[in-house]
Each structure stands twice: as structure tokens, then as C-alpha cells.
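Hi,

Here is the structure I promised to pass on. My notes on what turned up in it follow below.

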Amino acid sequence: PARVVCSSTCYRAETDTGREPWGLYRVHQFTKVEMFGVTAAERGTESEELLDEFLGLQKEIFSELGLHYRVLDMPTEELGLPAYRKFDIEAWMPGRGKFGEVRGGSGTPIIQGQPR
């Protein structure tokens, strides 16, 4: 599989109302690291295997940082299109007194382009 990682600075335009809809909190500026992979579909398990590999790498990073975290296997109603599975990692945030999402990742099915 092809694997790519990149880092980018992101901005959110919405203002902080102090509310946390659905338990989410928002910051206006943050830096994110994205891991992206492309697999063949020869056996039909490659995408799931790569998703598991990425999740394992991220768990290793959080463990080595000494963070207290938990992994959530998200229910289908939380999946965006075209995801077939999604994992979130939440870390304990002492300043907030609760867990907060620090990572989200999903697997998507085969996407094909058709010539016209």
C-alpha cells in the first residue's frame, strides 16, 4: 500500500459560544497530522488491514507520549460518506475534567474512476 503523511495548520471560522454540542469542543486554530493510504483490492481485506495499521501506529504514539486515552469504535450513524468504519481516540484532558477527541480515522471503500 502507498502511505502518505502530512501536517497542516487549520482554521475554523465559527466563534466559540461556550457550548459543546454533541460533546464536541472547537478551537479556532490547530495543527493536524493526516495519514492517508491507498491499497489494492486483491484479497478484499487490504483496506481494513491498513486502517488497523494506522490505528496501531497512533495508539503507539499516544502511549509513548504517556497520554491516558481510549479508543472508540464508532457506530454506523456516526460515519460520514463513504466510510465503512471509524475509530476515534479520546485523551484525558485534566483542564477540562473529561476526555476529548484527539484523533479520528476512517476506512473507505474502493473508489473507481470510469473513463467517459
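A word on the confidence score first: pLDDT is the predictor's confidence in each residue, from 0 to 100. This is a predicted model, and the mean pLDDT of the protein chain is 83, with 82% of its residues at 70 or more. Among the elements, strand 3 has the highest mean pLDDT (95) and strand 5 the lowest (86). Please treat residues 112–116 with care: their pLDDT is below 50, and beyond near neighbours in sequence the stretch has zero contacts in the model.

Now to helix 1. This helix covers residues 46–64, 19 residues in total, and spans 27 Å from its first C-alpha to its last, close to the 27 Å expected at 1.5 Å a residue. Its buried residues are E46, L50, L51, F54, L55, Q58 and F62. An α-helix has 3.6 residues a turn, so residues three or four places apart point the same way. The cover over the buried residues of helix 1 includes strand 1 (2–11), strand 2 (29–38), strand 3 (69–73), strand 4 (85–93) and strand 5 (98–107). After the helix comes G66, with a positive phi near 75°.

Is E90 buried or exposed? E90 counts as buried because its relative accessible area is 15%, under the 20% cut-off. The side chains of E90 and R70 are joined by a polar contact of 2.7 Å. Leaving aside neighbours within four places in sequence, the contacts of E90 are H68, Y69, R70, L72, F99, G100, E101 and V102.

Best wishes

Definitions and conventions:
Residues numbered from 1 in each chain as written. Predicted model: local features only at pLDDT ≥ 70, side-chain atom pairs only at ≥ 80, totals over all residues. Heavy atoms only, no water. Helix = DSSP H or I, 4+ residues; strand = E, 2+ residues; numbered from the N terminus. Expected span 1.5 Å × (residues − 1). Buried < 20%, exposed > 50% of the residue type's maximum accessible area, 1.4 Å probe, protein only. Contact = heavy atoms within 4.5 Å. Polar contact = N/O pair within 3.5 Å; in protein donor to acceptor, adjacent residues only side chain to side chain.
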